[in-house]
Number of protein chains: 2
Amino acid sequence: MTASTPNLRELDVSFWSALVNCAHAEILSHISNPKCDAYLLSESSLFVWHDRFLILTCGTSTLVDAACYFIDALGSSSMALVSYQRKNEYQAHLQTSSFTDDVGKLRQRIAGKACRVGHLDSHHHYFFCSDSDYQATKDDCTSELLMYHIRGELADYLNRGSQTCDELCAAFGFKHLFPEFEIDAHLFTPSGFSMNGLWGKYYVTLHVTPQSDKTCASSYVSFETNLDLARYSQSLLGRLLTLFSPVSWDIIRFNTNDSTQGFPAHVRLGHGSLTTEQGYHIGFSHYQQLQTEVLIPELM
Amino acid sequence: MTASTPNLRELDVSFWSALVNCAHAEILSHISNPKCDAYLLSESSLFVWHDRFLILTCGTSTLVDAACYFIDALGSSSMALVSYQRKNEYQAHLQTSSFTDDVGKLRQRIAGKACRVGHLDSHHHYFFCSDSDYQATKDDCTSELLMYHIRGELADYLNRGSQTCDELCAAFGFKHLFPEFEIDAHLFTPSGFSMNGLWGKYYVTLHVTPQSDKTCASSYVSFETNLDLARYSQSLLGRLLTLFSPVSWDIIRFNTNDSTQGFPAHVRLGHGSLTTEQGYHIGFSHYQQLQTEVLIPELM
């Protein structure tokens, strides 16, 4: 946000509730500290600082409508920067919009550059970034880890179901991974798990879709943080990869270095980078575990 | 087809014309020999033998409607076997149907098994095969090579455009690759190239979509044949891979062995197989060239 806009944390919860409803999500719980409010949504998350906010959604939510609601409510001149991302979907034909549709809606409100990194037939990532004079500070970094087709002990445990939320938090080892963070976790029925964590201005968020049912035999786990992993825990992503043991994963980095410390044996199938005019160095990498996977035919 | 059904080659061309129209394609030219009629369609192909036919389409064609037209015209009891395949699309949301939709239409007419081999977020292939007592002969084999993101000298030459059809046939080296085959080739405007070849009962077919335009910067080349490559030319697929130098490729094999002779240095990202009750051993493999690719952001 620009200097002249209000403190976002002073906006009423009804504002944020209406915003997440635009994305077809709802607020389930929330934690707070002097720097940030963290809302756990229906398999999604919202973080609000005084001068910025972040919303992540999944499934067939309509994230762009939440972004448009915000721009319309506060006015585009109040925005120092609008950034919008979308990953490749498991089943794009089930989505209610494409990234191109979304960018059309955003550009009706604010000018910006959009691009895709990665081929359409493989993992790829879409970025939109509004035109602005804003300059990112060096510590304005984000790391996103997207994990596909989790396997191994923890995956088997998750697929058995019937755990409590506390049991899952223990199984994930949050106390060891994020000892300083206050954690807010939610277990969904019949499956799915979400976690927000706060430590000062820093957030961590993890969303787990373990399901391997007939309609979408495709587990997915996402993790995101604004911690500088080089200072906090260089091997944090490696520890998460070891825990979930995904067949493949993507990493999207904003102003963080390209460490693969602690990663399982892998091949990097593709990587690309771009630098925005605001000084964000964005990297995208797509990895797969090294051993060739034997694919099991899925009856339909 | 069953023994009691008519010789398909005696059906009038108006029948086949109506059938391909159901898929939103049209017949552009045709060649013929004592065993087979080969029709070149708008970026697609149709082959008709006395007891079977094969149609391949691409783009937003509606292949399943051509299959349903045929089943409705001759009656499902005339079908010894109906086989239907679909690959993962570059942009699934632009398709008019999903494989699940297609199988729904087929199953209204004939019972059968359907499956997917490969994860939804990576290359995958869908198969439908009708229930039947038909038993495939050992020489009933098919090899399909699907090439993504072609590169190198030939790719650059194709993207420059302004070639004649004969020049392209020479550049592809069909006379050396398929010396025995009669070739029927077509060059599309503004881009695209299709080729059918016939040699006795054997066919080869190649479809090239070189375009790297803004809306779909994604080249694609498909090749298919019923030759037994172990007897004809074990390295034929390797020679095509060397010619087009794709970033990644899939191979689908029916009753043929798993040779990688002549392939560029590669990693096999996944592979799976199934055997139908008719005795077709089907293999699916997804490959990528060994060196990591640097992805260039595509502005949108």
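Gln85(B) stands opposite Phe127(B) in β7(B). That pairing belongs to a contact in which five bridges join β5(B) to strand β7 (residues 125–130) of chain B, the two running antiparallel. Please keep in mind that this is a predicted model.

- The strands β5(B) and β7(B) sit in an open sheet of four strands with the order β17(A)-β6(B)-β7(B)-β5(B) and antiparallel pairing.
- At the edges of that sheet are β17 (298–299) of chain A and β5 (83–87) of chain B, each of which pairs on one side only.
- Another open sheet of four strands, also with antiparallel pairing, has the order β5(A)-β7(A)-β6(A)-β17(B).
- Here the edge strands are β5 (83–87) of chain A and β17 (298–299) of chain B, and each pairs on one side only.
- Where do the chains join in this sheet? Strand β6 (residues 112–117) of chain A is joined to β17(B) by two bridges, and the strands run antiparallel.
- For a residue to look at in the viewer, take Cys115(A), whose bridge partner in β17(B) is Leu299(B).

- Strand β1 (residues 27–32) and strand β2 (residues 37–41) of chain A run antiparallel and are joined by five bridges.

**How the two copies relate**

- Chain B superposes on chain A by a rotation of 180° with 0.0 Å of shift along its axis, at an RMSD of 0.0 Å.
- The two copies are therefore related as by a two-fold rotation axis.
- Which C-alpha of chain B is nearest the axis? It is that of His93(B), which lies 2.1 Å from the axis.
- The same surface serves both copies, since 100% of the contact residues of chain B recur in chain A.

**Helix α2 of chain B**

- Helix α2 (residues 63–74) of chain B has twelve residues, and from its first C-alpha to its last it reaches 17 Å, close to the 16 Å expected at 1.5 Å a residue.
- Its buried residues are Leu63(B), Val64(B), Ala66(B), Ala67(B), Cys68(B), Phe70(B), Ile71(B) and Leu74(B).
- An α-helix has 3.6 residues a turn, so residues three or four places apart point the same way.
- What do the buried residues of α2(B) pack against? Their partners are α1, β4 (53–56), β5 and α3 (99–107) of chain B.
- Just after α2(B) comes Gly75(B), with a positive phi of about 90°.

**Salt bridges**

- Over all chains, a search of the whole structure finds 26 salt bridges.
- One of them brings together the side chains of Asp140(A) and Arg52(A), at 3.2 Å from N to O.
- This pair links distant parts of the chain, 88 residues apart: Asp140(A) is in the loop between β7 (125–130) and β8 (142–148) of chain A, and Arg52(A) is in the loop between β3 (44–48) and β4 (53–56) of chain A.
- Buried or partly exposed? Asp140(A) counts as buried because its relative accessibility is 12%, whereas Arg52(A), at 32%, counts as partly exposed.
- Lys105(A) and Asp65(A) also meet through their side chains in a salt bridge, at 2.8 Å from N to O.
- The residues of this pair are 40 residues apart and link distant parts of the chain, with Lys105(A) in helix α3 (residues 99–107) and Asp65(A) in helix α2 (residues 63–74) of chain A.
- Lys105(A) is partly exposed at 34% relative accessibility, and Asp65(A) is partly exposed with a relative accessible area of 24%.
- In chain B, the side chains of Asp37(B) and Arg9(B) form a salt bridge at 3.1 Å, N to O.
- That pair spans 28 residues and links distant parts of the chain, from Asp37(B) in strand β2 (residues 37–41) to Arg9(B) in the segment before α1 (13–22) of chain B.
- Asp37(B) is buried, with a relative accessible area of 9%, while Arg9(B) is partly exposed at 22%.
- Salt bridges that share partners join Asp51(A), Arg52(A) and Asp140(A) into one network.

Technical notes: Residues numbered from 1 in each chain as written. Chains lettered and ligands numbered in written order. Predicted model: local features only at pLDDT ≥ 70, side-chain atom pairs only at ≥ 80, totals over all residues. Heavy atoms only, no water. Salt bridge = Lys/Arg side-chain N within 4 Å of Asp/Glu carboxyl O. Buried < 20%, exposed > 50% of the residue type's maximum accessible area, 1.4 Å probe, protein only. Pairing = 2+ DSSP bridges. Least-squares fit on C-alpha atoms with pLDDT ≥ 70 in both. Contact = heavy atoms within 4.5 Å. Expected span 1.5 Å × (residues − 1).
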